[in-house]
Amino acid sequence: MGQLNHWLHTHADQLDQSSELAEAVLPALAGDQLLAIGVPREHGGAGGDVRDAIDAIAKVAEQSVTAAFVFWGQRCFIEFLLQSENRALAERRLPGLLAGTQAGASGLSNAMKFLSGIEQLQITGARHDDGLLVDGGLAWVTNLRKAGFVAAAAVAPDDGAPPVIVAFDSGTAGVKRSDDLDLIALRGSNTASVKLAQVHIPALDIISDNAPAWLPQVRPSFLGMQCGLSIGLARASLAKAAQISAGSRNALTPRIEALQATLESAVATLLAGVHDGRFRTQAPAMFRLRIQLADVLQQALMLELQAMGGRAYLNAEQQGFARRWRESSFIPIVTPSLTQLQAALQLFDSQQAAKAGASA
């Protein structure tokens with residue numbers, strides 16, 4: 001990652017505050033072969049599994065959360081195809097996605113909230129020929145490259161059948177991308193909204209015909225790779241705090257080292273759970289890890305701020321701190337947000353308490 005690291009280090013602030021380099025992020029990631037990490041060799045990847053992808057996203061996030069967010073969106077879409085029964089769709093789309101010549105966008109934030117009972121699906125579909133005619137929109141999607149993209153979305157059929165997961169292409173009639181959202185950070189991530197009006201989705205572009213059964217299988221990868229953003233940013237912040245505090249009299253070093261140990265313990269738990277499959281049936285455990293990692297990140301930023309002192313407020317001396325502070329503000333609100341996860345956990349806990357009461 002030497003060449004990519006240099007590019008990210010040089011342009012991290014620009015990627016955060018400007019969209020000028022937005023189209024260059026995906027080719028930069030692909031040029032370092034990162035998009036193939038954790039993808040089976042038989043599908044054109046570098047081998048390994050989703051743990052390797054989480055680690056790679058975290059490494060990019062240490063340099064730039066904007067680039068890591070694009071990486072997450074692309075790698076999620078790749079994962080959706082790897083876990084789809086529609087092998088023809090995967091064979092058609094994966095080469096371009098792995099090469100970075102085709103942008104892939106997750107688009108399943110709404111679906112993940114729907115799965116947890118937080119939100120209704122925002123896209124509906126009517127049966128048409130061998131597929132669906134869909135209408136609706138997605139308010140916030142990343143990696144919608146202006147040069148073209150393919151995105152996943154959940155669709156509620158109007159005939160009462162289970163929701164389906166589809167892939168739609170930016171070049172299809174009825175697909176309209178908004179201008180980039182006017183974000184306070186991550187501005188180079190090609191984040192926009194998209195509207196769908198009478199968009200025809202043929203059967204060959206259906207990723208799953210039973211979203212409620214399929215989503216729990218893919219959610220650990222979706223959330224696990226998302227956690228890579230928190231992990232990488234927390235590591236970067238703690239490393240900077242440790243560097244500043246080494247040999248000083250500020251007494252922060254023991255707190256920094258303790259938080260680093262807490263972080264790496266949570267990472268080990270995350271990787272083990274994603275690998276052994278427990279999070280497919282134990283979603284609350286994964287929700288709690290996502291919340292814990294976000295909390296560790298906030299503590300890391302506070303330690304970095306305290307280590308730097310007043311220099312953190314001087315543009316000439318803050319060494320990326322202001323960017324990391326802005327980047328960190330995104331972690332609690334990226335879907336599913338901490339508030340949504342906490343609400344889902346409260347519902348789960350109350351259901352468990354009711355079951356325990358009924359069996360007592």
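Student: Which residue forms a salt bridge with glutamate 327?
Tutor: A salt bridge here is a side-chain nitrogen of Lys or Arg within 4 Å of a carboxyl oxygen of Asp or Glu. For glutamate 327, the closest N and O atoms of the pair are 3.2 Å apart. The partner is arginine 323.

Student: Before we go on, what kind of model is this?
Tutor: Residues are numbered from 1 along each chain as its sequence is written, and side-chain values use heavy atoms, with hydrogens and water left out. Local features need pLDDT of at least 70, side-chain atom pairs count only at pLDDT 80 or more, and totals for chains, interfaces and linings use all residues, as this is a predicted model.

Student: How far apart are glutamate 327 and arginine 323 in helix H11, in helical turns?
Tutor: Helices (H or I, at least four residues) and strands (E, at least two) are DSSP runs, numbered from the N terminus. An α-helix has 3.6 residues a turn, so residues three or four places apart point the same way. Glutamate 327 and arginine 323 are four residues apart in H11, so the separation is about one helical turn.

Student: Are glutamate 327 and arginine 323 buried or exposed?
Tutor: Buried means under 20% relative accessible area, exposed over 50%, partly exposed in between (1.4 Å probe, protein chains only). Arginine 323 has 7% relative accessibility. Both glutamate 327 and arginine 323 are buried.

Student: Which residues are linked with Arg323 in a network of salt bridges?
Tutor: Aspartate 13 also meets arginine 323 in a salt bridge, at 3.0 Å from N to O. That pair links distant parts of the chain, 310 residues apart: aspartate 13 is in helix H1 (residues 2-17) and arginine 323 in helix H11 (residues 321-328). Aspartate 13 is partly exposed, because its relative accessibility is 41%. The residues linked with Arg323 are Asp13 and Glu327.

Student: Which residue forms a salt bridge with aspartate 349?
Tutor: The closest N and O atoms of this pair are 3.1 Å apart. Aspartate 349 lies in helix H12 (residues 338-359) and its partner in helix H10 (residues 283-308), so parts 61 residues apart in sequence are tied together. Aspartate 349 is partly exposed at 37%. The partner, partly exposed at 38%, is arginine 288.

Student: How many salt bridges does the rule give?
Tutor: Side chains of opposite charge can pair when their charged atoms come close. Under the cut-off given above, the count is 18.

Student: What does H10 reach from its first C-alpha to its last?
Tutor: The expected span of a helix is 1.5 Å times one less than its number of residues. H10 has 26 residues, and 38 Å is expected. The model comes close to that, at 38 Å.

Student: How many disulfides does a search of the whole structure find?
Tutor: A disulfide is a pair of cysteine sulfur atoms within 2.5 Å. Cysteine 76 is in none, and its nearest cysteine sulfur, that of cysteine 227, is 11 Å away. Cysteine 76 is buried at 0%, and cysteine 227 is buried at 1%. The search finds zero.

Student: What is omega for the peptide bond from threonine 335 to proline 336?
Tutor: Most residues other than glycine have a negative phi, and most peptide bonds are trans. Proline 336 lies in the loop between H11 and H12. The bond from threonine 335 is cis, with omega near -5°.

Student: What is phi of aspartate 129?
Tutor: Aspartate 129 sits in the loop between strand E2 (123-128) and strand E3 (131-141). Aspartate 129 is exposed, because its relative accessible area is 71%. Phi is positive in this residue other than glycine, near 50°.
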